[in-house]
Amino acid sequence: MTVAALLVLAGGTYLMRLLPLLLHDRVALSARTVRLVELGAVGLLVALVATGTWFEGDAFAGWARPAGVAVAAGALAVRVPFVLVVVLAAATTAGLRLAGIP
């Protein structure tokens, strides 16, 4: 059963990557449709970041993780290089956890 599910998922993923290449010249989407798809992708990413920031499983993740994400957002706002953004966020989260803040 698991192998069949993995094969179906792999095939679906492959088709999702292949179809735009095959249908690029045959299907024209309106500008509004393209914009809605782009907004949908952004909405999904925001939801993923929000749930990953605030929750661990079905419980609150603690204050250290949201503080690290806030530091990362601030660093991105002032155009800090991405590697440094990751280091600052990780150091903030680790420092707060070391200080006893979950």
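## Largest pocket

The largest pocket of the predicted model has a volume of about 170 Å³. Two elements each give two or more residues to its lining, namely helix H3 (64-77) and helix H4 (82-98). The largest share, five residues, comes from H4.

The lining consists of Val-69, Ala-72, Ala-73, Leu-76, Phe-82, Val-85, Val-86, Ala-89 and Ala-90. In terms of residue class, the lining divides into nine nonpolar residues, with no polar and no charged residues.

## Salt bridges

The count of salt bridges in the model comes to two. One of them joins Glu-38 to Arg-35, with the closest N and O atoms 3.9 Å apart. This distance falls inside the cut-off, because a salt bridge requires a side-chain nitrogen of Lys or Arg within 4 Å of a carboxyl oxygen of Asp or Glu. Both Glu-38 and Arg-35 belong to helix H2 (residues 31-54), where they are three residues apart, about one turn of the helix. Glu-38 has a relative accessibility of 42% and therefore counts as partly exposed. Arg-35, at 47% relative accessibility, also counts as partly exposed.

Another salt bridge is formed by Arg-65 with Glu-56, and here the closest N and O atoms lie 2.8 Å apart.

## Aromatic pairs

Three aromatic pairs are present in the structure. One of these is formed by Trp-54 and Trp-63, whose arrangement is edge-to-face, at 5.8 Å centre to centre and with 90 degrees between the planes. The rings of Phe-60 and Trp-63 have centres 5.1 Å apart and planes at 65 degrees, so this pair is likewise edge-to-face. The cut-off for that class is an angle over 60 degrees between the planes.

Through ring pairs, Trp-54, Phe-60 and Trp-63 are linked into a cluster. Regarding the accessibility of its members, Trp-54 is partly exposed, with a relative accessible area of 35%, and Phe-60 is partly exposed, with a relative accessible area of 44%. Trp-63 has a relative accessibility of 52% and counts as exposed, because the exposed class begins over 50%.

## Thr-53 in helix H2

Thr-53 lies in helix H2. With a relative accessibility of 6%, Thr-53 counts as buried. A polar atom of the Thr-53 side chain lies 2.6 Å from the backbone oxygen of Val-49. That separation is inside the limit for a polar contact, which is a pair of N or O atoms within 3.5 Å.

## Arg-79 in the H3–H4 loop

Arg-79 is located in the loop between H3 and H4, the helices that supply two or more residues each to the lining of the largest pocket. The phi angle of Arg-79 is near 65 degrees, a positive value in a residue other than glycine. Most residues other than glycine have a negative phi. At 76% relative accessibility, Arg-79 counts as exposed, whereas Thr-53 counts as buried.

Definitions and conventions. Residues numbered from 1 in each chain as written. Predicted model: local features only at pLDDT ≥ 70, side-chain atom pairs only at ≥ 80, totals over all residues. Heavy atoms only, no water. 1 Å grid on protein atoms, 1.4 Å probe; cavity = no way out; pocket = protein on both sides within 12 Å on 5 of 7 lines; lining within 4 Å. Points joined across faces, edges and corners; volume = space filled by probe spheres on them. Helix = DSSP H or I, 4+ residues; strand = E, 2+ residues; numbered from the N terminus. Nonpolar A, V, L, I, M, F, W, Y, C, P; charged D, E, K, R; others polar. Buried < 20%, exposed > 50% of the residue type's maximum accessible area, 1.4 Å probe, protein only. Phe/Tyr/Trp six-rings, centres within 6.5 Å; stacked < 30°, edge-to-face > 60°. Polar contact = N/O pair within 3.5 Å; in protein donor to acceptor, adjacent residues only side chain to side chain.
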